[in-house]
Amino acid sequence: MDVEDAILKRRSVRSYKNKGISREKLEKIMDCARMAPSANNRQDWKFVVVDDDVVKDRIYEVANRQGFVREAPVVIAGVTTDPKDIMSCGVPAGVVDLSIAMDHLALKAADEGLGTCWIGAFNQEEAKEAIEIPEKYEVVALMTVGHPSRPLEAEEKNRKDLEEIISYNTYTE
Ligand SMILES: Cc1cc2nc3c(=O)[nH]c(=O)nc-3n(C[C@H](O)[C@H](O)[C@H](O)COP(=O)(O)O)c2cc1C
């Protein structure tokens, strides 16, 4: 699958088959997250791969009890280990770095026929507690991974038109 195919096939999957993912396959996917760029190549990140049902249930509780979190065989927490690192442009490096890495993850998962869903609706403090993340770190996002109940296919996406979101040379509303 080329990159564009993976981009078009990836969608938020909120219904999963009752089928696990081997750690070998998971590591293949995580290896693509590892290859993501990061500010100054600092790689101040950790990924907690949750595939134990008891721990996953704790994540489900702190992620607004969204049903698909429990259904997915795996939930990955993307953690920045330097949440206070603000780039000279004023933007937190960890949030940018983790977002890129987790998107690499999502696209590689799509390439493997697996579904993912970003989860931003969770309680930060409770999530850290649930998977024993030190207080000084921050979970940037959670992501479910699993076999989609309906195969991934390129489908029409509800997106703004290009003209609405780009301008050339100077900003225009
Ligand atoms: C940072 C972020 C947080 C999100 N949080 C949630 C969430 O908590 N629950 C959920 O069901 N979907 C969540 N989503 C998925 C979005 O709703 C979804 O990406 C968007 O509607 C576009 O649909 P698509 O991913 O199928 O293209 C999140 C997406 C992003 C990027």
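A polar contact here is a pair of N or O atoms within 3.5 Å. Keep that in mind for this predicted model, where local features need pLDDT of at least 70, side-chain atom pairs count only at pLDDT 80 or more, and totals for chains, interfaces and linings use all residues. Residues are numbered from 1 along each chain as its sequence is written, and side-chain values use heavy atoms, leaving out hydrogens and water.

- A polar side-chain atom of Ser 12 sits 2.6 Å from an oxygen atom of the ligand, and one of Arg 10 sits 2.9 Å from a ligand oxygen.
- On its own the ligand exposes 620 Å², and the protein buries 58% of that (areas by the Shrake-Rupley method with a 1.4 Å probe).
- The shell's residues split into five nonpolar, three polar and five charged, with Gly counted as polar.
- Strand 3, residues 115–119, gives the most to this shell: three residues.

**The overall fold**
- The chain has seven helices and four strands (DSSP runs of H or I, at least four residues, and of E, at least two).
- In sequence order, they follow the pattern α-α-β-α-α-β-α-β-α-β-α.
- Of the chain's 173 residues, 40% count as buried, meaning under 20% relative accessible area with a 1.4 Å probe, protein chains only.

**From the record**
- An unreviewed UniProt entry annotates residues 7–65 as "domain: Nitroreductase"; such annotations may be inferred rather than shown by experiment.
- Over residues 7–65 the chain is 42% helix and 10% strand.

Technical notes. Polar contact = N/O pair within 3.5 Å; in protein donor to acceptor, adjacent residues only side chain to side chain. Buried < 20%, exposed > 50% of the residue type's maximum accessible area, 1.4 Å probe, protein only.
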